[in-house]
Structures are given as C-alpha cells and as structure tokens.
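Visitor: I would like to go through this model with you. Could we begin with the overall picture and then turn to one strand?

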Amino acid sequence: MPNELIFSPGVDLVTDQVAVVMQDRAVVGMSSWLSDAIAAAAAQDRGVQLVTAPETRLTWPVRSKLFSDPRSRWIVAVDVDEHFDGLNGARMKWTGDLFTTELTGADEPAPDIHPAFVVEEPPTAHLQLTVRVRHQATESLEIGHLAEKLFTGTAGGDPTGWSTSEPVTQPWSPAALTEYCRGRAPAPTWLVLSGPVGGESKPAVGTLELRRTMSGVDETVTLCVAQPGTELPSTAELGVLVDDVADNFELISAIVMGSFGAADGTYQPRFAGLPCPIGLAAGFEALNGRPLLEALSVEGIPTALAIGPPRRPAIWYPLGNGRNPRDWDKYTKVMEKLVQAG
C-alpha cells in the first residue's frame, strides 16, 4: 500500500489536481519514492507532475508509466518562471493548482514551443514493444518466460534482474518473480526488468505487469531497446519474433514501434521525432470469430500474415519501418477493422 500522499517521501507539493515531485539529478528512474508518489496520487485522483532540470533524462519505466493520467506532466524548469513540457516542448505555466499549457494567444490557440526543446542532437534509434499474453490460472504457472523470449530476440540475451523499482535489485529468476506475484494475487503487480549486459547485447530495459482477470492471468511486457545508430529491425524480423510468441503463449496483442532517444536507452527533453509503428499483432480473441481471410484483408497492408497455432490463429500486420508518421494511418485502418469485428 502506498503512503498517504502528504507523507509520500518524494512529493514536494500537493494541490487539488496534482502531486508535484521536484528532482535535480542526471537521470530519474522509477525509484521506490516515485512509484509510491504515483500510487498515492492515483489513490486520491490526482496526477503527478515531475519537475526536473533541462539536462535530466528519464528511464523507460518512468516514461512509459508516469504519464497515464492526462494531468501528469514532465515539467522542465529552464528558469524560475520558464518551463516547458519535456515530452512535447510546449511552454507551461503554473496556475497555483498545476502546470498547464501556455498558449501563444487568443488568436493562436496552439501551444508555444520552447526553443530548448528543438536542439538538434545525434539520434539513437529505440525499438519499443508492448506484448500482452494470457495464461491459465494454474498452480504450475511460472511468469517470466515471455520476457526472456522478448529480451533475447531484441537485445541479445535474457533479462538480468527484476525489481519493484529502479535500480533493479533482484537477480533474474522466474521462480522468485512468480512467487512474489503469487503472494500479491489477486492484486495486480508491476515490475521493472533489466536487460542483458556485456558482449554484443544492446542496452534494454522493460516492465512487466500482471493482472488477474475473469479469463485467466494477463501478462504485459514492455521493452525499450537502444539500437546501434539509427537502424531498426525489419518488419519481417520482428514478425518472426511475434510469431514465436504466438506459438508459445496465448497472444492477446502486440505493438512494435520505432523512436529516437539517448544511446543508453534513456529519454531527454528534446524533440526526437514521433514514435512510428512497425507492426501490430492481433490475437485470436480480437478476431471475434471473423474468418481469417477476411481479417487478413486490410487496405494498404497486402502482406498481413497468419501466425500462431492453427487452432488459435493470430495476425501480424506489418505497418512500416518505424520512421514514417503516415504509417499511423495503416494502424488506424487495422484498429477500425478489429473494432468492427468486435
């Protein structure tokens, strides 16, 4: 259970809308105090606004977890009265209750972008994955093998550790991880996973979320894998990996994207382009009984493939190279088809 919000150790200010957390450090990870602040704020229907210096970077677990509430923001403090959003560059102002977007004027309702956000720096490609599978709730269930498959297929080795926060403290052990999750059931569990170290492995970090549902146990693994330079794996390579997941697990969904960030896998408050889709997988449940050939037919995606076992087929929709924002149009078409099926 989280602390009461006013007693949460990382919180500097509490208003009716948000909890404000101020951090002056080079890298902000999902520490135990930040995790407690997020949980405590959510319990009291508040967002979290993280205030940092312009040089601060965020880890993937923070970037992927913190901003689920629309009031939650990464506030970059350039000066006492000068702030911008670290994710989109919009100038921000303090209202007395929260930081909110500062517009350019009544005749120009678009946000004003701070010049510090558009500083050009050498980019490093990041591969982002979110994969969700479902397990039967049995005594023999062991969690962690999905993460092993994803880390090995993208970063070059098994995870090295897991923890409830950053830095990661527990050595990698599916048995220990499963025991911890089982001890918390039926409450959901969210964990940080560290990637392989050394050799030809790539910098990688991930998260694992486990939820008990009416249908079983849903496991969602996210990964961010820094690439050497600006190249990303092809849709064909990633399709093989997702097919392997579908063969060994009950695949619910998967989304793979390309983005840019720092070489160590962290994120700076700088414009690095938009995340763009590489591929999307829909599991058997998403097809909702629709004939496979019909589900494979999506305008603009002639290379959609059936994957997984014949008794529970899934579909891999190649969408792009992770560089073209227009490929989101293909994503929309796939989602429209799946929604119609549902």
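**Burial and strand pairing**

Guide: Of the 342 residues of the protein chain, 50% count as buried, meaning under 20% relative accessible area with a 1.4 Å probe, protein chains only. This is a predicted model, in which local features need pLDDT of at least 70, side-chain atom pairs count only at pLDDT 80 or more, and totals for chains, interfaces and linings use all residues. Residues are numbered from 1 along each chain as its sequence is written, and side-chain values use heavy atoms, leaving out hydrogens and water.

Visitor: How many helices and strands does the protein chain have?

Guide: The protein chain has eight helices and 21 strands; these are DSSP runs numbered from the N terminus, helices being H or I of at least four residues and strands E of at least two.

Visitor: Now strand β15: is it enclosed or open?

Guide: Strand β15 (residues 189-194) is largely enclosed by the rest of the structure, because six of its six residues are buried.

Visitor: Which residues lie on each side of β15?

Guide: T189, L191 and L193 are on one side, with W190, V192 and S194 on the other, and all are buried. In a regular strand, side chains alternate between the two faces of the sheet.

Visitor: Which strands are joined to β15?

Guide: Strand β13 (residues 161-163) runs antiparallel to β15 and is joined to it by three bridges; pairing requires at least two bridges found by DSSP. W162 stands opposite L193 in β15. Strand β16 (residues 204-213) is also antiparallel to β15, with six bridges, and there T189 stands opposite L210.
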